[in-house]
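Please read this short report with the sequence and the 3D view side by side.

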Amino acid sequence: QCDGAVCGDERYTERVIQACLPRLKVISKWGTGIDSIDSAAAARLGVRVGRTPNAFTLPVTDTVFGYMLAFARRQPWMDRAVKSGVWDKIPGRALHECTLGIIGVGTIGRTVARRAHAFGMKVLGNDIVAIDHVFLAETGVEMTDLDDLLARADFVSVNCDLNPTSFHLINARTLGRMHPGAYLINTARGPIVEEPALVAALKAGTIAGAALDVFEVEPLPPDSPLCGMDNVLLAPHNANSSPAAWERVHWNTIRNLLDGLGLPTDDLPEG
């Protein structure tokens, strides 16, 4: 009974979209990723899909660097130790001594690369599409294959979309390519990382630690082994946290909805 829909992460499969016909004309996604929407089916059935590209690039990039700095400088662990009465000098590293591997050199991946360049980091990139040579020349990013990136990086940041090529891209085999001092950071989509394989790698010391903002099942079950690991930093799918960014997405979502319904948007604030 709806002409337009605003959605978050709920799934719009072909069956769901068909059940909304003939009235449904537009699905307006709050945010950037539309992996929960069968876009091909929507296009085939004449339903427009709207989203907000580049919505959370800066807060997500800040989150990636927050995790890298936490692991490199060891602040959470030093804080915990001092508060418990332990005065130990915990060794840390400067980011300029480290190599960052970025999986998915799209809008967010490029912004992460630019920040890493400013920190003096060596940056490796991997993507399934060709990356603009001007960007590579400006930032010094070295594009390479996934196995080489994983073997050389001290930090691996997952910034790709969730699609058939990236589902469980990080698995037992690829985790095995990382070195024991490396950290995995996922602020993209949970199913890109095969969680049981990650848990096994963390327990075995295959990698040094992980920071996860997203999970295969959300909310993360309280009995997940990840919750009891000292070398893991967890967050509730909150890398996009920015009231200013949320405000822009609110208005853009409304604009996309009205556009899809053929209604005027002239009086809306800029999104």
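## The largest pocket

Which residues lie nearest the centre of the largest pocket? They are T32, G33, N159, C160 and D161, among 46 lining residues. The model is predicted: local features need pLDDT of at least 70, side-chain atom pairs count only at pLDDT 80 or more, and totals for chains, interfaces and linings use all residues. Residues are numbered from 1 along each chain as its sequence is written, and side-chain values use heavy atoms, with hydrogens and water left out.

A pocket is found on a 1 Å grid over the protein atoms alone, as an open set of points where a 1.4 Å probe fits, with protein on both sides within 12 Å along at least five of seven lines; lining residues have an atom within 4 Å of a point. The largest pocket holds about 1100 Å³ of space. Volume here is the space filled by probe spheres set on the points, which are joined across faces, edges and corners. Its lining has 20 nonpolar, 17 polar and 9 charged residues. Nonpolar covers Ala, Val, Leu, Ile, Met, Phe, Trp, Tyr, Cys and Pro; charged covers Asp, Glu, Lys and Arg; the others, Gly among them, are polar.

Helices α3 and α5 (107-118) each supply at least two residues of this lining. α5 gives the most, with 4 residues. Helices are DSSP runs (H or I, at least four residues), numbered from the N terminus.

## The second largest pocket

The second largest pocket has a volume of about 250 Å³. It is lined by 14 residues, and D9, D35, R189, P191 and E218 are the closest to its centre. By class, the lining splits into 4 nonpolar, 3 polar and 7 charged residues.

## Helix α3

Helix α3 runs over residues 57-73.

α3 is mostly covered, with 12 of its 17 residues buried (under 20% relative accessible area, 1.4 Å probe, protein chains only; exposed is over 50%, partly exposed in between). Among the buried residues are F65, Y67, M68 and F71. R74 follows α3 and has a positive phi, near 65°.

## Cysteines

How many disulfides are there? The count is 0, where a disulfide is a pair of cysteine sulfur atoms within 2.5 Å. The closest cysteine sulfur to that of C20 is in C2, 7.1 Å away, so it is too far for a bond.

C20 is partly exposed, at 26% relative accessible area. C160 is buried, at 16%.

Conventions: Expected span 1.5 Å × (residues − 1).
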